[in-house]
Amino acid sequence: MKKKLFLCSVLLISILFYLNATETRITALGSEKNLLIDDTNIFIFPSSLERFIERGIVEYGFYPFTDSIAYLSLLKELGRLGNIGMVFNKRGIPVLPSTSNGTLIAQPDALFNIYYSLRINDALSVGISGGYGIAASNEDEEGTANDVTNESSASSSSISISYLIGAKQHLVELSGGAKNYIFTYKQGDDFSFENDNKISTEFSGRFLYNLNDYFSLIPFFNYSTLDLSSREAAYGQITPTDIKRVTTITKAGLGLNFAPFEENRVILGVIYNSKIFEKTRKPSIYDTTITENNIPEIVGGIESELKSWLTVRVGMKKSLLIHKLESSN
């Protein structure tokens, strides 16, 4: 066991079209988006889109603290037809695996995501989203047999509901989604690498319980599976090698959101965060399981709007990490 202290940000000033949101804000306040009402919520709950319409956002991020180097969001109301959001270059896509030979698979780019929400009645809103990204690199060397094809693509879809309860407007949000990954690497007749399984899933939910005008309690959960299993063959190999790569993430927590004044906010959260990575090689039969449990994970953040053009944020995350590796054969 070891202690891990991650200082997300000491001081962060954001210059945006609209200064009250974005990945940078989430990161600066401790990197837990479930604890805030923020337009990044639409990436998990597209039904929340109606809260953040009529705005455009441009952000330049700092990897690995944000998913994307730079992205653009345009969120628009369509009147009775609902609301629509278009987001360009928002990744949210994991780094695709390398082969056993160390070949890097092309990462999908040219990404486009679209979000739509519709209010059914005074309490219920529904939303859907879809996205697509592609990358391709083909090297054709005249007179050689080692032409390289390196292609990948990713697509995603999700559906969610947002439901308001009672006069205090308690909020329940639930979502489910799936992603599809395709990647292929070929080096002439000598080497090939492509994914075997293509679908990954994610389920999320949270409940914002408003104790009064200043305090909200927020229990939440996230569960996702990411399968990037692949099949590769090298140098005349008769039987391809199947490599299973499955990551399962389970997260549950309880947060407190405190806004004593409109220009100030304090968030606190206690989180259980478990990540299990399983890798199996066949026919060579080599199994590895890596388990990382953060028990507990503590998140805190303070936000203060000093001027209309200046917002200061301080955040931290601290966890007790239990790292376990098991291998067989």
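How many bridges join strand 5 to strand 6 (residues 124-139), and in which sense do the two strands run? The legends below take up this point first.

**View 1. The pairing of strand 5 with strand 6 in the predicted model.** Strand 5 and strand 6 (residues 124-139) run antiparallel and are joined by 9 bridges, and the two strands form a hairpin that leaves 4 residues between them.

**View 2. The pairing of strand 5 with strand 4.** Strand 5 (residues 109-119) also pairs with strand 4 (residues 83-88), in the antiparallel sense and over 6 bridges. Here isoleucine 84 is the residue that stands opposite tyrosine 116 in strand 5.

**View 3. The largest cavity and its lining.** The count of cavities of 30 Å³ or more comes to 1, and the space in the largest cavity is about 30 Å³. Its lining consists of Asp39, Ile42, Phe43, Ile57, Tyr71, Ser73 and Leu75, which divide into 5 nonpolar residues, 1 polar and 1 charged. Strand 3 (residues 70-77) gives the most to this lining, contributing 3 residues.

**View 4. Residues 1-20, where the pLDDT is below 50.** For the protein as a whole the mean pLDDT is 83, and 87% of the residues reach 70 or more. Over residues 1-20, by contrast, the pLDDT is below 50, although this stretch has 63 contacts in the model beyond near neighbours in sequence. Where pLDDT is low, the predicted coordinates should not be read in detail.

How values were computed. Residues numbered from 1 in each chain as written. Predicted model: local features only at pLDDT ≥ 70, side-chain atom pairs only at ≥ 80, totals over all residues. Heavy atoms only, no water. 1 Å grid on protein atoms, 1.4 Å probe; cavity = no way out; pocket = protein on both sides within 12 Å on 5 of 7 lines; lining within 4 Å. Points joined across faces, edges and corners; volume = space filled by probe spheres on them. Nonpolar A, V, L, I, M, F, W, Y, C, P; charged D, E, K, R; others polar. pLDDT = per-residue confidence, 0-100. Contact = heavy atoms within 4.5 Å. Pairing = 2+ DSSP bridges.
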